[in-house]
Amino acid sequence: MPMSTAPARRERTRRIGLLTAGGDCQALNPALRALTLGATITHGWEVYGFKDGYLGLQEGRFMRLMPSHVTNIQGLGGTIIGTGRGQSGAVGSIEEATARCREVYDDLGLSTLICLGGDGTQRFARHLHENAGLNIITLPKTIDNDIRGTDVTFGFDSATQIGAEAIDRLHTTASSHHRVMLVEVMGRDAGWLAAASALAGGADVALVPEIPYQLDKVVAAVNEDVERGRAYSIVVVAEGAMSAERAASGEKVRAHTAVMELIDQLPELTGAEVRLTTLGHVMRGGSPTSADRILATQLGARAIELAVAEIYGVMVAVHGAELTPVPLTEVGGAPRCVPLDHPLLTSLRAVGTALGD
């Protein structure tokens, strides 16, 4: 179903529902704050937060969100209403889950459901809009920055900051011990986080899923650092990176495959001590950066504007300096990968960071 506008109706006190689904990330709480304050204070609406994502919607587990619940949560990581993966739980099949979501939505008298999440959240939101007739608006959140239809997602800047700070710290210990440091960051299908963290942290090598790496090129880059008199090297690896050999075979590589192979191969091929740091879920945690707080607040405020206008079946996307409603039909599906000519990658090459190709 394309972006739709609901028919005009008599104005009344509205009730809206909020949920955060999928993996957690920084700036979910600033978004919830903006949505709740915008709805309650500016428009006098009632706001209900479903606990633990779509499972809470199916099971009818919710709390009424008041301004007092959200006033000072802009710097708090995670989500005060909880999150979860998957759409089943209270009931079995997708049809039963859909019917149950519709039932709870109707029983609570909601006029709008606003869903905050990544690709999976966006796809199920579209499903509920098209197949259950729910009035849906979504916000794009993920540290991976890989949602189609938007230039950027909230959570990405905060995770990049964590990656850069970790690399900064590893520079000092790597130089002290003359070691090669492998730094694995999140990014199963897209290399936004690895590329940005590597660029901000001054890594020597950055391996992303979009560019299958050649082992000999990685070895050459590490050895070159030694030959230049800098007896250590920082290698950033996205969890979904893969070797050119594996890519050519067409196999689907599991997360962490590349870094586990490199930790075995590089010591013998470079003669260096190699140590591994996997940042993992550390990248999701902690306080959001100012940039993410601002972005999440702006997206939340824009979502309330769309709810006032009764524009549904859309995600609030960032296009340049504009916050634009994008039909959910254009959002879910294949992840948004880093274009090979993107400034992140061209800048890495320009400063001498090897990409393994």
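User: How many bridges join β6 to β12, and do the strands run parallel or antiparallel?

Analyst: β6 and β12 are joined by two bridges, and the strands run parallel. Please note that this is a predicted model. Within this pairing, Thr138 stands opposite Met315 in β12.

User: Is β12 covered or exposed?

Analyst: β12 is mostly covered, with five of its six residues buried.

User: What is the strand order of the open sheet of seven strands?

Analyst: The order is β4-β3-β2-β5-β6-β12-β13, and the pairing is mixed. β4 (62-65) and β13 (322-327) are at the edges; each has a single partner strand, so one side of each lacks a neighbour in the sheet. From one strand to the next, the twist averages 30°.

User: How do β12 and β13 pair, in the parallel or the antiparallel sense?

Analyst: They pair in the antiparallel sense, over six bridges. Val318 stands opposite Leu323 in β13. The two strands form a hairpin with two residues between them, and Gly320 in the turn has a positive phi of about 65°.

User: And β2 with β5: how many bridges there?

Analyst: Five bridges join β2 (residues 15-20) to β5 (residues 112-117), and these strands run parallel. Thr20 has Leu116 as its bridge partner in β5.

User: Which strands does helix α4 lie across?

Analyst: Helix α4 (residues 94-108) lies across β2, β3 (46-50), β4 and β5, and runs at about 150° to β3.

User: And which ones for α5?

Analyst: Helix α5 (residues 119-131) lies across β5, β6 (136-140) and β12 (314-319), at about 170° to β6.

User: Let us change topic. Where is Ile147?

Analyst: Ile147 is placed in the loop between β6 and α6.

User: Is Ile147 buried or exposed?

Analyst: Ile147 has a relative accessible area of 1%, so the residue is buried.

User: What is Ile147 in contact with, leaving aside its neighbours within four places in sequence?

Analyst: Its contacts are Gly117, Gly118, Asp119, Gln122, Pro140, Lys141, Thr142, Thr153, Met315, Val331 and Arg336. Gln122 is 25 residues from Ile147 along the chain, and the C-alpha atoms of the two are separated by 8.8 Å.

User: How many bridges do β7 and β9 pair over?

Analyst: Strand β7 (residues 179-185) and strand β9 (residues 233-238) pair over six bridges in the parallel sense. Val185 stands opposite Ala238 in β9.

User: At what angle do α6 and α7 pack?

Analyst: Helix α6 (residues 156-177) and helix α7 (residues 192-201) pack at about 45°, with their axes 8 Å apart. That angle makes α6 oblique to α7. Their crossing is right-handed.

User: Which residues make the contact?

Analyst: α6 contributes Phe156, Ala159, Thr160, Gly163, Ala164, Ile167, Asp168 and His171, while α7 contributes Trp192, Leu193, Ala196, Ser197, Ala198, Ala200 and Gly201. Nine of the residues in this contact are nonpolar, five are polar and one is charged.

User: What about α7 and α12: at what angle do they pack?

Analyst: α7 and helix α12 (residues 343-350) pack at about 40°, with their axes 10 Å apart. The two helices are therefore oblique to each other. Here α7 passes α12 in a left-handed crossing.

User: Which residues in α7 and α12 meet?

Analyst: Trp192, Ala195, Ala196, Ala198 and Leu199 in α7 meet Leu344, Leu345, Ser347 and Leu348 in α12. The residues of this contact divide into eight nonpolar, one polar and no charged.

Methods:
Residues numbered from 1 in each chain as written. Predicted model: local features only at pLDDT ≥ 70, side-chain atom pairs only at ≥ 80, totals over all residues. Heavy atoms only, no water. Pairing = 2+ DSSP bridges. Helix = DSSP H or I, 4+ residues; strand = E, 2+ residues; numbered from the N terminus. Axes fitted to C-alpha atoms, helices over the stretch in contact; angles between N-to-C directions. Contact = heavy atoms within 4.5 Å. Buried < 20%, exposed > 50% of the residue type's maximum accessible area, 1.4 Å probe, protein only. Parallel < 35°, antiparallel > 145°, perpendicular 65-115°, else oblique. Left-handed = near helix turned anticlockwise from the far one by under 90°. Nonpolar A, V, L, I, M, F, W, Y, C, P; charged D, E, K, R; others polar.
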